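Here are my comments on the model you sent. Please read them with the structure open.

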Amino acid sequence: VQLQASGGGLVQAGGSLRLSCAASGRTFSSYYMGWFRQTPGKEREFVSVISRNGINTGYADSVKGRFTISRDNTENTAYLQINSLKPEDTAVYYCAASTRYSGSYRDYDAWGPGTLVTVSS
């Protein structure tokens, strides 16, 4: 599966963005989808994961209550709604596909190129 994330941009603290992850191929619904983020010099950080049917979701403690992951298997797209943005949310956000419901980036086999989110204070 090939992935392409979009929707990043510059936003003021307290604002919102909706990231999208478009997948190619007919097997999107067979993958667990995750979102990660990374800042320079730091390891890729888990943000959220969603099960194949979209029922189960998981979040990092740092984003719980502010971020919402979802997916539309008919559109081969995963989403990350990010609200109440903080400057520390600034990062490149990546979507990824896995055959496991996992918060470890090592379990993800396919990655998109990432989309930059910048939050100004």
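1. Basis. This is a predicted model: local features need pLDDT of at least 70, side-chain atom pairs count only at pLDDT 80 or more, and totals for chains, interfaces and linings use all residues. Numbering runs from 1 along each chain as its sequence is written, and side-chain values use heavy atoms, with hydrogens and water left out.

2. Salt-bridge network. The whole structure has 5 salt bridges (a side-chain nitrogen of Lys or Arg within 4 Å of a carboxyl oxygen of Asp or Glu). Arg 37, Glu 45, Arg 66 and Asp 89 form a network of them. Arg 37 meets Asp 89 at 2.9 Å, N to O. Arg 66 meets Asp 89 at 2.7 Å.

3. Burial. Asp 89 is buried at 1% relative accessibility (buried is under 20% relative accessible area, exposed over 50%, partly exposed in between; 1.4 Å probe, protein chains only). Arg 37 is buried at 6%, and Arg 66 at 10%.

4. Another pair. Arg 100 bridges to Asp 107 at 3.4 Å. Arg 100 is exposed at 51%; Asp 107 is partly exposed at 21%.

5. Strand β11, residues 115-120 (strands are DSSP E runs of at least two residues, numbered from the N terminus). Thr 115, Val 117 and Val 119 point to one face and are buried. β2 pairs with β11 in parallel over 4 bridges (pairing needs at least two DSSP bridges). β9 pairs with β11 antiparallel over 3 bridges.

6. Ala 22. This residue lies in strand β3 and is partly exposed at 38%.
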